[in-house]
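This report describes the structure of one protein chain for a reader who is new to such models. Please keep the sequence and the structure in view while reading.

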Amino acid sequence: MTGLSQRIHALKASSTVAFNAKALEMKRAGVDVIAMTAGEPDFQPPQHVLEAAHEAVRRGLTKYTPSEGTRELRDAIAKKHARENELRYEADQVMVSTGGKQVLYNAFMTLLDPGDEVIVPAPYWVSYPPQIELAGGVTVVVPTRPEEGFVLDPDRVAAAITPRTKAILVNSPGNPTGAVYPEPVLRAVAELCERHDLWLITDELYEHMVYDGEFVTAARYYPERTLLVHGASKGYALTGWRIGWGCGPSALVKAMNKLQGQSTSNANAVAQYATQVALDEVEATAAFQAMTRQAYRERRDVIVQGLNDLGLRTPLPQGAFYAMADLTPIDPDETVAATALLERAHVGVVPGTDFAAPGFARFSYACSMEQIRSALERIGRLLA
Ligand SMILES: Cc1ncc(COP(=O)(O)O)c(C=O)c1O
């Protein structure tokens with residue numbers, strides 16, 4: 001279409017959304033599709049959080065809030081990070097946005113000048129490069145290897161640093177790989193940032209889904225130049241409520257809030273209140289997270305074993321709710337293979353193309369065990 005900006009012509013649509021939409025369309029047409037495409041918990045939010053949203057409406061907490069989020073929610077976020085991560089943030093170091101996605105967008109728009117480079121480990125979450133490029137930046141991809149469980153090698157990061165590097169991004173536990181970076185890796189990346197005077201952006205949306213070992217935050221090493229990105233979507237099962245937050249140096253947070261104040265203003269007021277309750281009601285929320293973590297762990301074990309048994313190489317992910325399987329036995333082209341899974345086995349997955357994971361596809365196991373077992377049977381029949 002003519003009349004649109006070059007910027008929007010250059011922007012790629014999200015393939016996750018596209019494959020999910022295709023799977024849902026087939027479902028609507030009456031096909032029994034098992035959609036393992038979406039990146040969201042299949043659990044309903046915890047009851048106390050649902051009740052808090054009702055209470056917010058009853059109490060009339062429905063007006064604009066400060067652009068950076070309510071003071072009560074920002075305090076609850078600061079307390080969460082002190083309690084769970086031993087990080088100290090003042091209220092002016094915390095801002096609330098419409099999902100972690102907007103925190104990241106604000107950050108790239110605030111930090112990058114045209115031509116500035118951001119180092120991003122691959123396979124990566126689909127939205128990082130488009131957001132970086134919208135801000136005029138350049139994505140510098142550092143690959144990770146399936147045989148290393150997709151864990152980042154800091155030496156490869158060091159080799160990718162140039163005079164134009166502005167930031168390094170890490171996402172652990174990661175989407176789409178489920179990789180959890182060990183402490184020495186995160187420390188080494190933070191040291192590189194400090195040595196080269198770079199920003200560290202750490203996307204910790206999947207903090208509460210770690211199945212082997214402990215979650216470590218990358219924000220503890222170089223807080224002066226680290227932006228921690230988090231939110232309510234995954235660990236609190238509040239995807240559609242659109243609450244994310246960013247924590248970092250106050251000057252960065254203030255600058256990001258200037259952008260937000262002129263673009264979207266505050267995140268949803270009712271959802272801010274509900275998230276505050278999710279963070280403050282520590283025991284009830286921890287019980288919910290323990291229950292969901294256990295369910296994801298059981299599903300992970302079944303799907304990873306099942307895919308490997310079928311001859312589709314799948315490294316064991318230590319976190320998040322995704323498994324990356326090598327689909328080359330089905331077809332060397334991952335889009336062709338994922339299309340075959342959808343159209344012939346009626347199992348929806350996302351091909352690795354837009355994650356920079358050629359040959360692989362992402363299986364989301366945020367679905368029931370019954371669906372996982374049935375999907376494995378269908379794939380088995382397709383391969384036979
Ligand atoms: C790695 C990662 N970061 C950020 C986000 C953004 O999530 P939200 O905007 O729902 O907080 C997602 C969502 O899928 C994600 O997977």
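Two residues are in contact, or touch, when heavy atoms of theirs lie within 4.5 Å. The structure discussed here is a predicted model.

**A leucine in helix 12**

L341 is a residue of helix 12, which covers residues 334-344. Leaving aside residues up to four places away in sequence, L341 touches L327, I330, H346, V347, V349, F363, I379 and L382. Is L341 buried or exposed? Its relative accessible area is 0%, and a residue counts as buried when this value is under 20%; L341 is therefore buried.

**The chain as a whole**

The secondary structure of the chain consists of 13 helices and 12 strands. The radius of gyration is 20 Å, close to the 21 Å that the globule rule gives for 384 residues, so the chain is as compact as a globular protein of that length.

Of the 384 residues, 57% count as buried. The chain exposes about 16300 Å², and carbon and sulfur atoms supply 51% of this area. Among contacts between residues at least 6 apart in sequence, 74% join residues at least 24 apart.

**A glutamine in helix 10**

Q272 is found in helix 10, residues 269-280. Its relative accessibility is 0%, and Q272 therefore counts as buried. Which residues does Q272 touch, not counting residues up to four places away in sequence? They are T65, G69, T70, L73, V96, I243, N266 and A267.

**Features of the backbone**

The peptide bond that joins S172 and P173 is cis, with omega at about -5 degrees. The bond from N175 to P176 is likewise cis, and its omega is near 15 degrees.

E86 and F150 have a positive phi although neither is glycine. For E86, phi is near 55 degrees; this residue lies in the loop between helix 4 (71-85) and strand 2 (94-97). For F150, phi is near 60 degrees, and its place is the loop between strand 4 (138-143) and helix 7 (154-160). Are these residues buried or exposed? E86 has a relative accessible area of 70% and is exposed, whereas F150, with a relative accessible area of 5%, is buried.

**Aromatic pairs**

A pair of aromatic rings is described by the distance of the centres and the angle of the planes. A search of the whole structure finds eight aromatic pairs, including the two in the table.

| Pair | Centre to centre | Angle between planes | Arrangement |
|---|---|---|---|
| F43 and Y296 | 5.5 Å | 80 degrees | edge-to-face |
| Y206 and F321 | 5.6 Å | 80 degrees | edge-to-face |

F43 lies in the loop between strand 1 (34-35) and helix 3 (47-58), and Y296 lies in helix 11 (residues 282-309), so their pair ties together parts that are 253 residues apart in sequence. The relative accessible area of F43 is 18%, and F43 is buried. Y296, at 1% relative accessibility, also counts as buried.

Y206 is situated in the loop between strand 6 (199-203) and strand 7 (226-231), and F321 in the loop between helix 11 and strand 9 (322-326); their pair therefore ties together parts that are 115 residues apart in sequence. Both Y206 and F321 are buried.

Which residues form one aromatic cluster? The cluster consists of F43, Y206, Y296, F321 and Y322.

Definitions and conventions:
Residues are numbered from 1 along each chain as its sequence is written. This is a predicted model: local features need pLDDT of at least 70, side-chain atom pairs count only at pLDDT 80 or more; totals for chains, interfaces and linings use all residues. Side-chain values use heavy atoms; hydrogens and water are left out. Helices (H or I, at least four residues) and strands (E, at least two) are DSSP runs, numbered from the N terminus. The radius of gyration is taken over C-alpha atoms; the globule rule is 2.2 Å times the number of residues to the power 0.38. Buried means under 20% relative accessible area, exposed over 50%, partly exposed in between (1.4 Å probe, protein chains only). Accessible areas come from the Shrake-Rupley method with a 1.4 Å probe; for residues, only the protein chains shown count as cover. Rings of Phe, Tyr and Trp (its six-membered ring) pair if their centres lie within 6.5 Å; planes under 30 degrees apart count as stacked, over 60 as edge-to-face and the rest as tilted.
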